[in-house]
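Hello,

Here is the structure you asked to have handed over. My notes on it follow below.

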Amino acid sequence: MGTPPQCIQEPTMEFGCSDLNLWQEALSAYPSRIQSLNKPHLVSLDDYYRNELPPLLHQRKPNPYITTSELSKLMQWKLTRGKWRPRLLDFVSGLDDDLVKSASEKGFQSLPNVSKALSELTVLKGVGPATASAILAAYAPDVAPFMSDEAMEAALGNSKDYSAKQYLLFANKLQTKAKELSSGEESFTPSDVERALWSSVVAEKMLSSQSKSNESKTLRQKRKR
């Protein structure tokens, strides 16, 4: 048996690909792809979101929560890695700290019931399913992946529906994929699946943009001859 056809096209990795090596490559390339976007503060924001925030949340036993300032920084990460929408940042930055703590506490306690956790968090102004998913992914990456456009497109073929219903479909697919990719010593979380998909899509966009740039350069040179 050869490589499954949906794995062959590099660097685009289809969601149906079952080649663990390709998934690992895409995941390990994630930090360099973050860097390659050359967006102000994205590298430090991503480091905060992936490495600093999760232990902070878990230290708050027995009832973990997120603060308004942490949520504001998480929103900066989300908007910098994706589409910049300053109004959302204004909304969450102005939220009452007690309200944020209470909603996030209830949200985290609801897990692994992702649907209930999502509804507890989306009571906050400016926090829709996608932002709520980022909060849950920071706390429980093994249960709730972040609802990024790139991973939504890869997993569901649609990145425009930001409803709770769509997120539950998305989370379920990524949970299943993570189980499929976790074998023996290797452990993939739904959040790993999301990052690998995002990394793969970003690589494809970069190659496509490079290719277009080279084509236009060649055309300009031909015209000069």
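Is Ser104 buried or exposed? Ser104 is buried, with a relative accessible area of 0%. Here buried means under 20% relative accessible area, exposed means over 50%, and partly exposed is in between, with a 1.4 Å probe and protein chains only.

Two points on the source. This is a predicted model, in which local features need pLDDT of at least 70 and side-chain atom pairs count only at pLDDT 80 or more, while totals for chains, interfaces and linings use all residues. Residues are numbered from 1 along each chain as its sequence is written, and side-chain values use heavy atoms, with hydrogens and water left out.

**Ser104**

Ser104 sits in helix α7. Helices are DSSP runs (H or I, at least four residues), numbered from the N terminus. A polar atom of the Ser104 side chain lies 3.1 Å from the backbone oxygen of Lys101. Ser104 also contacts Pro64, Tyr65, Ile66 and Leu121, leaving aside neighbours within four places in sequence. Contact means heavy atoms within 4.5 Å.

**The core**

In soluble globular proteins, nonpolar side chains tend to be buried together. The largest nonpolar core in this model has 62 residues. Such a core is a set of buried Ala, Val, Leu, Ile, Met, Phe, Trp, Tyr and Cys residues joined through side-chain atoms within 4.5 Å. Trp23, Leu71 and Val193 touch the most other members. Helix α9 gives the most to this core, with eight residues. α9 is mostly covered: eleven of its eleven residues are buried. Among them are Pro129, Thr131, Ile135 and Tyr139.

Ser18 is partly exposed, with a relative accessible area of 42%. The C-alpha atoms of Ser18 and Glu180 are separated by 8.0 Å, though these residues are 162 apart along the chain.

**The largest pocket**

Rolling a probe the size of a water molecule over the atoms shows where empty space is left. The largest pocket has a volume of about 660 Å³. Of its 32 lining residues, Lys83, Ser148, Asp149, Glu150 and Tyr162 are the closest to its centre. On a 1 Å grid over the protein atoms alone, a pocket is an open set of points with protein on both sides within 12 Å along at least five of seven lines; a cavity is a set where a 1.4 Å probe fits but cannot get out; lining residues have an atom within 4 Å of a point. Grid points are joined across faces, edges and corners, and a volume is the space filled by probe spheres set on the points.

Helices α5 (68–81), α9 (129–139), α10 (149–156) and α12 (190–224) each supply at least two residues of the pocket lining. α12 gives the most, with six. By class, the lining has 13 nonpolar, eight polar and eleven charged residues. Ala, Val, Leu, Ile, Met, Phe, Trp, Tyr, Cys and Pro count as nonpolar, Asp, Glu, Lys and Arg as charged, and the others, Gly among them, as polar.

**The cavity**

There is one cavity of 30 Å³ or more. α12 gives the most to the cavity lining, with three residues.

Glu194 is in helix α12. Glu194 counts as buried, at 3% relative accessibility. Not counting residues up to four places away in sequence, Glu194 touches Arg81, Pro145, Phe146, Ser148, Ala151 and Leu174.

**Backbone**

Most residues other than glycine have a negative phi, and most peptide bonds are trans. These are the exceptions to look at.

- A cis peptide bond joins Lys61 and Pro62, with omega about 0°. Pro62 is in the loop between α4 (42–59) and α5.
- Another cis peptide bond joins Leu111 and Pro112, with omega about 10°. Pro112 lies in the loop between α7 (97–110) and α8 (114–121).
- Asn38 has a positive phi of about 50°. Asn38 is in the loop between α3 (30–36) and α4, and counts as exposed at 66% relative accessibility.
- His41 has a positive phi near 70°. His41 lies in the loop between α3 and α4, and counts as exposed at 61% relative accessibility.

Best wishes

Note on methods:
Polar contact = N/O pair within 3.5 Å; in protein donor to acceptor, adjacent residues only side chain to side chain.
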